[in-house]
Amino acid sequence: MAELNQEKGRLQNAAEFSQERPLLEVRGLKKFFKVKSGILHAVDGIDFDVRRGETLGLVGESGCGKSTTGRAILRLHEPTAGSVVFEGEDILKYSGAEKKKMRQNMQIVFQDPYSSLNPRLTTYQLIADPLRVNKEVLQGESLESRVRTTMELVGLERRLLDAYPHELDGGRRQRIGIARALALKPKFIVLDEPVSALDVSIQAQILNLLEDLQEQIGLTYLFIAHNLSVVKHISDRIAVMYLGSIVEITDHNLIFRRPMHPYTQALLSAIPIPKVGLQRERIILKGDVPSPVNPKPGCPFAGRCPYKQEICEKEKPALELKEPGHEVACHFVKKLADGSVDVPGMGTLKAE
């Protein structure tokens, strides 16, 4: 019953999302790095929206550009090209005071809750620092009150005010990281694999905390991860990334039920079924992941795709709407006149 109510809530949220402009609009975002052998295309011209109050999951293999995307959106890495429109304004045009003000509304929680915290600072100092730097609360009882309130919000006991990161377990350290992000009351948070360094039981606690905070405060998340089960649990929609490009975006249930891009199909086939004696039919991709340094023209997945044809090596497919709420970047996923979609390896899928 709880799962049914949760799903009804998500459907209601989806209806509300469609009636307003997205909180975040990313268009043509690129981030290139100069390396000895050429130019590394970490993020190679991606488009997506994040709607107000939703969680967009971003998944893909290690090295595909997920974390770089999150950092480029927040300008921790300055993008090479593109636009990032937050609440109707392109934040890539900001400088000085505007950029500082923007970062109060857009925060990040990093993957490793130990290396991302200054080991010389106590819990109180770690949470108070953002407030001092941004002159939100300067000193005295008001500052301590704000820190204590934020700690309570993320489930940190008051006795930990003077504790150092090395004295705490991974779960409490990550709660400090979340508290630091929440201290300035942001509207949007990039969650960069926030549970991958934690034990499984602690992962569940942190995920539940993030969902509770989103409901209480109305937060919007970009949730970056490679664990598909975790992403399905927390996300409203899921974007699949491969070699710096987004190849598919759709609803968190739909992408598991009818994946259309060959890479998404292979990725999902690797998820084990939690029942004795049952196995998925694995899709084994041949060949190695191509280098993102000086990439060849055409589809980034062409070298490993079982359906590759000549056009794939010459022309990069655009991310296009193939059915309501379902975007795919593939030359051979065809939208038919009757509303159905012809998908390589799956045949014709009737419109839902």
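Student: Hey, how many bridges join strand β9 to β10?

Tutor: 6 bridges join β9 (residues 237-242) to β10, and the two strands run antiparallel. Pairing here means that DSSP finds at least two bridges between two strands. Strands are DSSP runs of E with at least two residues, helices are runs of H or I with at least four, and both are numbered from the N terminus. One thing to keep in mind: this is a predicted model, so local features need pLDDT of at least 70 and side-chain atom pairs count only at pLDDT 80 or more, while totals for chains, interfaces and linings use all residues. Residues are numbered from 1 along each chain as its sequence is written, and side-chain values use heavy atoms, with hydrogens and water left out.

Student: Got it. Which residue stands opposite A239?

Tutor: That is I249 in β10. I249 also stands opposite E327 in β12. β10 and β12 (residues 326-328) run antiparallel and are joined by 2 bridges.

Student: What happens at the turn in the hairpin of β9 and β10?

Tutor: There are 2 residues between the strands, and L243 takes a positive phi near 50°.

Student: And why is β10 largely enclosed by the rest of the structure?

Tutor: Because 6 of the 7 residues of β10 (residues 245-251) are buried. Buried means under 20% relative accessible area, exposed means over 50%, and partly exposed lies in between, using a 1.4 Å probe and protein chains only.

Student: What order do the strands of the open sheet with 3 strands take?

Tutor: The order is β13-β14-β15, with antiparallel pairing. β13 (334-335) and β15 (347-349) stand at the edges with a single partner strand each, so one side of each is left without a neighbour in the sheet. β13 pairs with β14 (residues 341-343) over 2 bridges, and K334 stands opposite D342 there.

Student: Switching to helices. Which residues are buried in α4?

Tutor: In α4 (residues 123-133), the buried ones are T123, Y124, L126, I127, A128, P130 and L131. As background, an α-helix has 3.6 residues a turn, so residues three or four places apart point the same way.

Student: Which residue with a positive phi follows α4?

Tutor: That would be K135, with phi near 55°.

Student: Now charges. How many salt bridges does the structure hold?

Tutor: It holds 20 salt bridges. A salt bridge is a side-chain nitrogen of Lys or Arg within 4 Å of a carboxyl oxygen of Asp or Glu. One of them joins E20 and R52, with the closest N and O atoms 3.6 Å apart. That pair links distant parts of the chain, 32 residues apart: E20 is in the loop between α1 (2-17) and β1 (24-35), and R52 is in the loop between β2 (38-50) and β3 (55-59).

Student: How accessible is E20, and what about R52?

Tutor: Each is partly exposed: E20 has a relative accessible area of 38%, and R52 has 36%. E20 and R52 also belong to a network of salt bridges with E87 and K187.

Student: What other pairs meet in a salt bridge?

Tutor: D169 and R172 do, at 2.6 Å from N to O. E313 and K308 do too, at 3.4 Å. E313 is partly exposed at 45% relative accessibility.

Student: Where is E193, and which side chain does it make a polar contact with?

Tutor: E193 is in the loop between β7 (188-192) and α7 (200-217). Its side chain makes a polar contact with the side chain of H226, at 2.8 Å. A polar contact is a pair of N or O atoms within 3.5 Å; within protein, one must be able to donate a hydrogen and the other to accept it, and residues adjacent in sequence count only if both atoms are side-chain atoms. Leaving aside residues up to four places away in sequence, E193 touches K66, Q111, I224, A225 and H226, where contact means heavy atoms within 4.5 Å.

Student: Last one: how many disulfides are there?

Tutor: The count comes to 0, with a disulfide being a pair of cysteine sulfur atoms within 2.5 Å. The sulfur of C64 is 14 Å from the closest cysteine sulfur, in C299, so that is too far for a bond. The sulfur of C305 is 6.2 Å from its closest cysteine sulfur, in C312, also too far for a bond. C64 is buried at 4% relative accessible area, and C305 is buried at 18%.
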